[in-house]
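Here is a short briefing on one model. Look over the sequence and the fold, then read on.

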Amino acid sequence: MEGKKEKLLEVSGLSTFFKTDDGTVRAVDGVSFSVNRGESLGIVGESGSGKSVTSLSIMRLTGGGIISGRVIYQGKDLLKLSEKKMQDIRGDKITMIFQDPMTSLDPVYTIGFQLRESIMRHKKLDKAAANELAEKMLVHVGISNAKARLKAYPHQLSGGMRQRVMIAMALVCEPELLIADEPTTALDVTIQAQILELIQKLKKESGMALLLITHDLGVIAEMCDRVMVMYCGQIVEVAPVKELFKIPFHEYTKALLRSIPYIDKDVKRLQAIPGSVPPATNFPEGCRFYERCDARQERCRQTLTMKELEHGHFTTCVAAQEKYMRGGGENSRDKRQ
Ligand SMILES: Nc1ncnc2c1ncn2[C@@H]1O[C@H](COP(=O)(O)OP(=O)(O)OP(=O)(O)O)[C@@H](O)[C@H]1O
Ligand SMILES: [Mg+2]
């Protein structure tokens with residue numbers, strides 16, 4: 001049975017453009033989705049599809065990006081808050097971990113100092129209490145000898161250890177939403193599994209929601225409840241994770257699934273997705289996967305609409321929508337078994 005779903009974050013019509021010498025880069029282009037309280041939502045898509053810019057736009061950390069649309073959190077549009085109010089939300093209610101911990105750890109301060117500063121800023125604790133909490137948090141993320149580690153500088157720790165510190169920083173103020181952008185890609189496989197397990201464990205304990213960005217569909221399958229597939233700055237499909245793997249609707253999702261190795265399936269050869277991604281300064285009308293798609297039709301060049309074809313399973317793919325409306329084809333319910 002499905003639990004009651006309360007929306008924690010509601011993103012609508014989010015677009016982020018960058019002005020460059022080559023023209024306007026439409027990095028994120030009219031993206032709408034919501035994250036429910038306590039859920040894990042994954043974002044997948046090829047490199048350059050707009051995954052990072054989506055998350056950075058929510059946090060208003062895109063640098064020069066021109067952001068429009070709405071990001072509603074607790075009834076307020078984050079895009080309209082003052083920078084001061086936004087700072088209170090970042091690092092407190094919504095936190096983010098990045099692929100490279102060195103981008104968010106300051107090399108000139110000790111781990112202890114940085115954790116303590118963050119705690120004192122967001123919680124009303126004095127220095128001693130903040131220190132105590134910092135140490136507790138390091139223990140919590142599996143760092144041994146925590147008291148001594150507090151005195152270490154980021155470069156004195158291993159990559160896996162730094163990633164743990166960053167998770168500690170992100171979680172110490174008990175956020176309602178953790179955004180993790182490729183949190184483990186830079187780490188070796190064993191550490192990767194440990195870090196993901198740690199995020200799962202902490203998530204279970206705290207009930208926070210997770211927005212997990214990765215190009216790794218295996219990680220999505222293991223960690224997420226729902227997944228959105230991005231292509232060229234747009235969402236092309238959203239589905240409960242199991243549904244997406246079982247019956248992908250969009251031709252791009254199908255291609256993406258064909259391009260990854262399955263451990264449990266006897267796939268001899270992986271298929272690279274043929275063709276190339278159109279430039280972000282010059283996207284075509286209609287479906288941006290058109291040129292690479294085997295199922296393309298003239299109608300795909302018109303404005304697309306996102307349609308729910310199954311409960312919670314949406315796509316913009318015209319071919320899938322038509323097949324489904326006819327009640328036949330590979331997407332029909334009765335052929336699922
Ligand atoms: N500061 C910027 N200035 C100009 N273009 C940018 C900027 N940041 C991102 N882009 C462009 O926006 C698009 C989306 O980039 P984004 O980093 O979100 O992709 P991604 O899906 O996270 O890719 P990856 O899997 O490689 O991390 C790309 O075309 C990228 O080149
Ligand atoms: Mg990225």
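Which residues of α1 are buried? They are K51, V53, T54, S55, L56, S57 and I58; buried means under 20% relative accessible area, exposed over 50% and partly exposed in between, with a 1.4 Å probe and protein chains only. The model is predicted: local features need pLDDT of at least 70, side-chain atom pairs count only at pLDDT 80 or more, and totals for chains, interfaces and linings use all residues. Residues are numbered from 1 along each chain as its sequence is written, chains are lettered from A and ligands numbered from 1 in the order in which they are written, and side-chain values use heavy atoms, with hydrogens and water left out. Helices (H or I, at least four residues) and strands (E, at least two) are DSSP runs, numbered from the N terminus.

**The eight-stranded sheet**

- Eight strands make an open sheet with mixed pairing, in the order β6-β7-β8-β3-β9-β10-β12-β11. Two strands pair if DSSP finds at least two bridges between them.
- β6 (94-97) and β11 (307-310) are the edge strands; each has a single partner, so one side of each lacks a neighbour in the sheet.
- On average, neighbouring strands of this sheet are turned by 20° against each other, direction ignored. Axes are lines fitted to C-alpha atoms, for helices over the stretch in contact, and angles run from 0 to 180 degrees between N-to-C directions.
- β3 pairs with β8 (residues 209-213) in the parallel sense, over four bridges. I43 has I213 in β8 as its bridge partner.
- β9 and β10 run antiparallel and are joined by six bridges. V229 has E237 in β10 as its bridge partner.
- β10 and β12 (residues 313-315) pair in the antiparallel sense over two bridges.
- Five of the seven residues of β10 are buried, so the strand is largely enclosed by the rest of the structure.

- Contact means heavy atoms within 4.5 Å.
- Just after α1, R60 takes a positive phi of about 55°.
- α10 lies across β3, β9 and β10, at about 100° to β9.
- Why is α10 (residues 251-258) described as largely enclosed? Seven of its eight residues are buried, so the rest of the structure largely encloses α10.
- The buried set in α10 is E251, Y252, T253, K254, A255, L256 and L257. Their packing partners include β3 (40-44), α8 (217-223) and α11 (318-325).

- β1 (residues 7-20) and β2 (residues 23-36) run antiparallel, joined by 11 bridges. They form a hairpin with two residues between them. F18 stands opposite V25 in β2.
- β1 also runs antiparallel to β4 (residues 66-73), with seven bridges joining them. V11 stands opposite V71 in β4.

**The α3–α4 pair**

- α3 (residues 111-122) and α4 (residues 127-140) pack at about 115°, with axes 9 Å apart.
- I111, L115, R116, I119 and M120 in α3 meet K127, A130, N131, L133, A134 and L138 in α4.

**Nonpolar cores**

- The largest nonpolar core has 65 residues, and L138 and I167 have the most contacts inside it. Such a core is a set of buried Ala, Val, Leu, Ile, Met, Phe, Trp, Tyr and Cys residues joined through side-chain atoms within 4.5 Å.
- α6 (residues 159-171) gives the most to this core, with eight residues.
- Leaving aside neighbours within four places in sequence, I167 is in contact with I97, V141, I195, L198, I199 and L202.
- A second, separate core has 33 residues, including I58, Y73, L78 and I179.
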